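Let's take a walk through this model, starting with its strands and ending with its aromatic rings. Keep the structure open as you read.

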Amino acid sequence: MPLEDWMAAIIDYRGKTPEKTSSGIPLVTAKIVKGGRIEDPEEFIAEDAYEQWMRRGIPEAGDVVLTTEAPLGEVAQLDGRRVALAQRIITLRGKPGLLDNTYLKFALQSQPIQEQLHGRASGSTVTGIKQSELRKLQLTFPALEEQQRVARVLGSLDGKIAVNRRINQTLEAMAQAIFKSWFVDFDPVKAKIAANAEGRDPLRAVMTAISGKPDAELDTLPPDQFTPLAATAALFPDEMEDSELGEIPNGWSAAPFGSMLTHTIGGDWGGDAPDATNDTRVAIIRGTDLPDLDQAQTNRVPVRYTTQKKLASRRMQFGDIVLEVSGGSRDQPTGRSFRLTANAMNEFDCPVEPASFCRLLRPVSPEIGVILGLHLSHIYQQGKTWEYQNQSTGIANFQTAHFLEAELVVRPPKAVADAFFKMVNPILERRHDPQGRRLAELRDALLPKLLSGELRVNSTEVEVTA
């Protein structure tokens, strides 16, 4: 029967644009509904405007949100947090006793329903679906009890994937915090300077700054931790000096980003099938793949075919960086990046290269590469990459040559870079543990079989293990 007959509520806010604020009630926009989840909101509406804005209907926990254009067909489920709905979002609520909302979330992601969505869509520039057409989607669902059993299995996997994602976010935050402390705020150097001025032990002051442990706990560390910590602390100078970036540690330098690369080249899209020219199988990393790669989701990177000649100069190796250089906007500027870790590299069964709208950057060493990769993430989060974009056209393109010359990076002595790599690289490698990919692959494999009835859940209590 048609979708509208399954629904208790269809809430549509298209055609309305709320006045946005810097804080308040989070606004769920189409751009943050991705891969079955809602990413952290970046836009808000005022608390006192909520009731007036949401007069078409208040979303409830468990409601399913569907993007209707730009892009069409992304799906997620609301939790108990109070949110506002933006344009290009429709909220669906199944009829009690007839349709389980969690089951609906997974069903809308299935290939048959996605094909219906796109088949009923219209628009030459931006593809979208009208509410009148959405209501006509033909849906065939099993009995409610079976829906709930399927939802438990797939929901359990989704929960484990979410936990893995949160762990990865924590690891990324740890790496970013250490980078900022060493190469932006210069905490170890400033700690040594302050200790000298106050007559305290400068080495122990730096050890505290690096480890985050109070001085009294340093002596409780076992020798295999205390000794390398002391050796790392000794690498930092006790003076600052002027540079083009302002004050930086004595003996360090402010170097152009490009001066720390040995190789850079634009990407390639290759062919969709092997032929006499494009005879080499290769995984092509696109800008849209970068968020998934940050979460160890290598399975969504498309596999295409290229020539040996093109691959020779574009084949990525451990420590290389993919930089997105085209397709951005003010809301999402280009400049997203991904540094290829050893664990991520091992997840591919063929060579890897960047796609056409991306660029390969090869650092002078893996140690410098960790600094450059975290520097790119840092300035992207600050919004600084927008400064390097040609904003005169509809699609913002990254001015790579200008960036490589103009963007200055603090370059430490080799011993400091080596110590930083030894501390931070294991954290970054852990972010690309293959468990997250295996969970996603298991969910994606089970989803069509459970929804079609090819596999059935016989137990009312299901435990999923990775």
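What follows covers a sheet, a hairpin, a helix pair and a set of rings.

A few ground rules. This is a predicted model, where local features need pLDDT of at least 70, side-chain atom pairs count only at pLDDT 80 or more, and totals for chains, interfaces and linings use all residues. Residues are numbered from 1 along each chain as its sequence is written, and side-chain values use heavy atoms, with hydrogens and water left out.

Let's begin with the open sheet: four strands in the order E2-E6-E3-E9, with mixed pairing. Strands here (E, at least two residues) and helices (H or I, at least four) are DSSP runs, numbered from the N terminus, and two strands pair if DSSP finds at least two bridges between them. E2 (20–21) and E9 (84–85) sit at the edges, each pairing on one side only. E2 runs antiparallel to E6 (residues 44–45), joined by two bridges, and Lys-20 has Ile-45 in E6 as its bridge partner.

Now for the hairpin. Three residues separate the two strands, and Ala-70 in the turn shows a positive phi of about 45°.

On to a pair of helices. The axes of H7 (residues 187–198) and H8 (residues 202–211) come within 8 Å and cross at roughly 145°; these axes are lines fitted to C-alpha atoms over the stretch in contact, with angles running from 0 to 180 degrees between N-to-C directions. On the H7 side, the residues in contact (heavy atoms within 4.5 Å) include Ala-191 and Ala-195, and on the H8 side they include Ala-205 and Val-206.

Finally, the rings. The structure has 14 aromatic pairs, where rings of Phe, Tyr and Trp (its six-membered ring) pair if their centres lie within 6.5 Å; planes under 30 degrees apart count as stacked, over 60 as edge-to-face and the rest as tilted. Phe-183 and Phe-420 are edge-to-face, because their ring centres are 4.9 Å apart and their planes at 80°. This pair links distant parts of the chain: Phe-183 belongs to H6 (residues 144–183) and Phe-420 to H16 (residues 414–430), 237 residues apart. Both residues are buried (under 20% relative accessible area, with exposed over 50% and partly exposed in between, using a 1.4 Å probe and protein chains only). Ring pairs also join Phe-183 and Phe-420 into a cluster with Phe-179, Trp-182, Phe-186, Phe-236 and Trp-252.
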